[in-house]
Every structure is written in C-alpha cells, then in structure tokens.
Amino acid sequence: MARIVILTGAGISAESGIRTFRAADGLWENHRVEDVATPEAFRRDPSLVYRFYNLRREQLLSDEVAANAAHEALARLEDAFPGEVLVVTQNIDDLHERGGSENVIHMHGELLQSWCLACDGRTETLGAVDAGSACAGCGVVGRMRPDIVWFGEIPYAMERIEEALTGCRIFAAIGTSGNVYPAAGFVRFADSVGAHTVELNLEASLVHSAFAEVRQGPATEVVPQWVDEVIAAGR
C-alpha cells in the first residue's frame, strides 16, 4: 500500500507551548545557536549547555506542555490509513508519542535521553544532568551529553529515512522552516520519485515553491483537516 512520510518541525509543537529556535522570541535566555547547539560549545562551556537543555527538559515535562490537535491527528492517520505512515521529526520533544504516534524517527535526537560518550549507550533522562552525572549503563561519571544532533553533526537514521522517501506516495512537511538541511531537501527527493508533496505551515517555508500543494494556517487547524481528507480518500 501507499506510504506516507511526514516531516515535522518546530511549528507543530509551537501551539503546545514549546519555544522554538527560529521563532520571534528566539532562544531561551538569548543564547545563540553557536553557544548551546554545537560540539564546540559543549567542549568550551559544558555547564552552559547542560543548563540550557536542563531548562528545556524541565519545561517539556511541566504541566504547561501537552500534545495538541495536530499531533493527535497524525496518530489518527497512522491508525486509519491502510499503508505505512512514518513521522520524521526534527523536534527533540516527545509530543508525537504523547499524541499517540508510534512510528516516529527523531532525526535530531531526543531531549528526554542522554548519550554516554564512554559506552555509547542512551539513557532515559527526566531530571537534570551535569558534569557529575554517571551513566546508568556503565557507571562512568562525566561523559554524559544531551542526545541531541547538534549543528555540524549527522542526523540519525538517514538510511531509513531515505528508504522511506524512496517508496512514499505522499510527502508532507508540517511546521518546518525549510532552512535546515538535509531535511529541507526531502521534498525534492520525494518529488523525484513521484510522490505528491504538501506543505502545511503557518507561513511559507524557504522551500515552499518545491511543493505541489501549500496550505497555510495554524497546525492545530490545517493538519486535522488534511488528515481527514487523506483518510477519506484512502490513498
């Protein structure tokens, strides 16, 4: 059956209260990307990087953040569509999972995980991490870092993503800016294999002209409507 690949970015989580890197309010505490989201930043000032992600994790787990109607609509699509539905998210939050999606790839990592540089293991992380934290797997202290793909690093699961794009019939991008690669190039890849491409965004992305169809509006409105149409068409 037909496969749907959905790329999601910060815009789908914005209505859940998650601050975004590229929104008007910018980064938390006015930090530049170079200060908190690169391997060089972590080597230069690990305390700052730990604090930045600890604050983001604390907010994500607070009562003020919850999955919204767009997340829930994608889970409904996964349940109702006769073929595979794969969500590839650039987001490091867990809101797709909270919304009910099960087939999710976090290409930029997950905020609720830490990566041990000593044993290469991943550990669920719900509290603060710092230079004195020990790996739950190997016990080594001081080698934990956020399990986040920083600028200059290779996104996760690229082979699986490319395989899915090769076989997809519908490719949708939701809440993406279109200025972070390789994700911004997915639409051209999908178009090259004959997939129908649609962008669902609050405003046009930098690559909107590459899409066959563009719909604009809040994710909590345009995504459920689009999902209803896809389910009704059964394609």
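User: Which residues is L77 in contact with, leaving aside its neighbours within four places in sequence?
Analyst: Those partners are I4, I6, V85, W226, V227, V230 and I231, where contact means heavy atoms within 4.5 Å. Please keep in mind that this is a predicted model, in which local features need pLDDT of at least 70, side-chain atom pairs count only at pLDDT 80 or more, and totals for chains, interfaces and linings use all residues. Residues are numbered from 1 along each chain as its sequence is written, and side-chain values use heavy atoms, with hydrogens and water left out.

User: Why is L77 called buried?
Analyst: Its relative accessible area is 0%. Buried means under 20%, exposed over 50% and partly exposed in between, with a 1.4 Å probe and protein chains only, so L77 counts as buried.

User: Why is E221 called exposed?
Analyst: Here the relative accessible area is 53%. The cut-off for exposed is over 50%, so E221 falls in that class.

User: In which helices do L77 and E221 lie?
Analyst: L77 belongs to helix α5, while E221 is part of helix α9. Helices are DSSP runs of H or I with at least four residues, strands are runs of E with at least two, and both are numbered from the N terminus.

User: What makes α5 roughly parallel to α9?
Analyst: Helix α5 (residues 69-80) and helix α9 (residues 219-233) pack at an angle of about 10 degrees, with their axes 8 Å apart. Angles under 35 degrees count as roughly parallel, over 145 as roughly antiparallel, 65 to 115 as roughly perpendicular and the rest as oblique, so this pair is roughly parallel. The axes are lines fitted to C-alpha atoms, for helices over the stretch in contact, and angles run from 0 to 180 degrees between N-to-C directions.

User: Which residues of α5 and α9 make the contact?
Analyst: From α5 come A69, A70, A73, L74, R76, L77 and A80, and from α9 come A219, T220, V223, P224, W226, V227, D228, V230 and I231. These residues divide into 13 nonpolar, 1 polar and 2 charged. Ala, Val, Leu, Ile, Met, Phe, Trp, Tyr, Cys and Pro count as nonpolar, Asp, Glu, Lys and Arg as charged, and the others, Gly among them, as polar.

User: How do you know that strand β2 is mostly covered?
Analyst: In β2 (residues 85-89), 5 of its 5 residues are buried. V85, V87 and T89 lie on one side and L86 and V88 on the other, and both faces are covered. In a regular strand the side chains alternate between the two faces of the sheet.

User: What makes β5 and β6 edge strands?
Analyst: Three strands form an open, antiparallel sheet in the order β5-β4-β6. Both β5 (122-124) and β6 (144-148) pair on one side only. Neighbouring strands here are turned by 45 degrees against each other on average, direction ignored. Strand β4 (residues 109-116) is joined to β5 by 3 bridges, and S114 has T123 as its partner.

Notes: Two strands pair if DSSP finds at least two bridges between them.
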